[in-house]
Amino acid sequence: MTDHARTDGAARAGARSEDARSEDAATAGTRTDGARTAAPVHGTWEPRPAARWEDAFLSGNGTHGAMVFGDPNDDRVIVNHHRLIRPNGSADARPPELADRLTDVQDRLLAGDVTAGEDFTDGRPLLWVQPFHPAFQVRLRRPAARWRAYRREADFTTGVVRALCDDRRDEVFVSRADDVIAQYVTAPDLTLDVTLDHRLPGAPADLAVGHGAVLTPEGALLTLRARYPGSDLAYTGVTLLVTDGRTRPALPGVRVRGARSMLLLTRVRRHPGEPDVLAEVRALRELLPEAGHAEDEIERAYAHLLARHTALHRAAYLRVTLDLHADPAERALPGSELVRRPKSPALLERLFAAGRHHLLSAAGTLPPRLTGLWTGDWDTAWSGAFTTDANLNLQTASAAAAALPEVTEAHAALIQAQLPHWRDNARAVFGARGVVAPAHTDGESGHIRHLSRAYPLHVWTAGADWLLKPLVDHDETRGERDPRLAAALAEVARFYEDFLTRTDDDGHLVIVPSYSPENRPANAGWITVNAAMDLSAARHALRTAADYHPGPDAERWRALADRLPPHRVNAEGALAEWARPGLDDSYDHRHLSHLYGVWPLDEIHPYDTPELAAAARRALELRGAENDSAHGHLHHALVAARLGDAQRVAGALDNVLAGDFFHVSLMSGHYPNRHVYNADAAHTLPAVLIEALIHSTPERLVLLPALPPALPSGELRGIRTRFGAEVDLTWTPDGATAVLRPARTCRIDLQTSAGARPLSLSAGEDRVLTLGPR
């Protein structure tokens, strides 16, 4: 391997601005017209409208979401909003008051009573969080007409979904700049009915719905208010219709006749009491730069809104790109055909692009839910909530490395808003200071209330560290420490100070009660002692808090971490899911909580802890797929990538690509055959590919740690490392080249297939590394 610094003109050309490199990527990769292309397509397309809401193309700005069917005769855009959750009686639920019983259950578990935790609850039935639901659909209907040519496409660089039918064009995007759903329709003669229609699958029959349709100088104003049964809460949607045609009432909407263009601006709000509709209308009108509503003025208004949005979305999306040198003919295929070619590099390229677009589009007010930001059905699986013991972190796993601080900030916002509830959890369940995170949340309440005998998630103490770890990665990547994160880490450490009071015969601290989501020992109850995830989380939380808070607190926290017991290797040579001797592993399970030390932590890896890494690899070999959930397969792949197991990464990807997990929209299903709409596979897959190609810690860079054999060549550009450098990587069977652009001076270990060596980097000085054949 060779390397050299670049400080000449070539180096300066290689270190061009992010905007310039984004422009190149966009120019090379946005063609979706079926032509052969020289670079990956940053979008997808279909030759027909969506017949199911699951196949609707997606746009979003992290607050509002839009699902676009693209039917020229009955066009539907389903409106979503992150804050739309249906009251179900759980909003005010508090965590169980169990602190006065903690000592007794600890005594019994430590004495060997493996069922002692069965009654460590307040007896409440399982209570799901408030379920996420759609708002309504903006519906444009015209008399049925036959059409000759049709194309529906999504442009990931802009977030625009477009339907082209004969001489009609319909475009939809959700503005990151103005928080509005914009729909622009043009045709020589538009005659259609416009309504806001709440009738979506699963909508409650007793939902109190009121419609409004008022003609205005620019066209019309449509409103829909829906009050939840038995609640003072409601949501209201407002659509401002601007057209150059004639409008008249056609309740519950309006009819447009003789138009050549139409612009619809839509927002929705969840609120108590009565909404201020006039304020919403004024806010929408302020988005229009022109006072008139002639055809050219409407076009300019739309172009103005799109330009403001694109400046934000395009730059974020194009920070990182992947090119697997796929067949141009396969790149030109519609998504519905490409997903039937699971061995195609073009499919991985498109899924990487779609996953990146969908993740960016789903994160803003909140991070992505189990369904991202979208659903077309009120009956969302698992309440469409945030499941924090696996799914949320898996979906956002690419954020730091793939340069999506928007996603990390949304993740941080969720945590910051709920810290007071996390404090309540620590006090109520454990009688402790500090914080304990819930395993489920609807985005509002952070109280633990989802518990049952089979899912005693109230005793899962690893959650706060698990959820804060992506924020630590982000801080390392940017080279700054967020004071909000520092404060939260201190609270986690204080919890462990109060909680870690019991010891074993060897003098090690014991985590009791303990729980490994969502598994149990083969020979014991669900609530037990020293789950591997809990041990890894406690060690990491205490040491990370110490790093952020040097001084007496740091010394005390590090000393506490050093007293925790080591991981246990079981009789089969595998890292045990429970470090307590005598607890047998249950291997056939979708979660891999016990391998938290491998991914996302740096506690166990092949370079400094080879014996534990071998045990972790054995644990991965023995792990079953249980119910073939997408998150299980891709979590498996992330762990395998950290362990340098390329074959196992490839196998996990094959399970997902060949399992028919992806809808035409390139959003995914939770199970094979597209069963249960769920964002896990769609959002996590980019992280798997990145981890297989580049891994970094604050002290190490690993190049091509687990390259799948089916990807012999390619280019991954724009990756951010945790030591502060940006990396572009190209590889072929003959070797690889990595260009490092460090933003700060540091010394790291470089790990490749040829071994390890130290590498010094200077801020502002590019470094080119050339690797020989693998």
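Which residues make a nonpolar surface patch of about 250 Å²? I found Leu126, Trp128 and Trp382. My patch rule takes residues with over 30% relative accessible area and no salt bridge, joining nonpolar side chains (Val, Leu, Ile, Met, Phe, Trp, Tyr) within 5 Å and like charges within 9 Å.

A note on the source: this is a predicted model, where local features need pLDDT of at least 70, side-chain atom pairs count only at pLDDT 80 or more, and totals for chains, interfaces and linings use all residues. Residues are numbered from 1 along each chain as its sequence is written, and side-chain values use heavy atoms, with hydrogens and water left out.

Next I looked up the aromatic pairs (ring centres of Phe, Tyr and Trp, the last by its six-membered ring, within 6.5 Å; planes under 30 degrees apart are stacked, over 60 edge-to-face, the rest tilted). The count comes to 15. Trp382 and Tyr671 have ring centres 6.4 Å apart and planes at 55°, so I logged the pair as tilted. Tyr671 counts as buried at 19% relative accessibility, while Trp382 is partly exposed at 31% (buried is under 20%, exposed over 50%, partly exposed in between; 1.4 Å probe, protein chains only).

Then I turned to Phe430 and Phe499, whose ring centres are 5.2 Å apart with planes at 70°, so this pair is edge-to-face. Phe430 is buried at 6%, and Phe499 at 4%. Ring pairs join both to Phe495 and Tyr496 in a cluster.

Last, I checked charges over rings (NZ of Lys or CZ of Arg within 6 Å of the ring centre and within 35 degrees of the ring normal). Arg151 lies over the face of Trp45, 4.1 Å from the ring centre.

Note on methods:
Areas by Shrake-Rupley, 256 points an atom, 1.4 Å probe, with all protein chains shown as cover. Salt bridge = Lys/Arg side-chain N within 4 Å of Asp/Glu carboxyl O.
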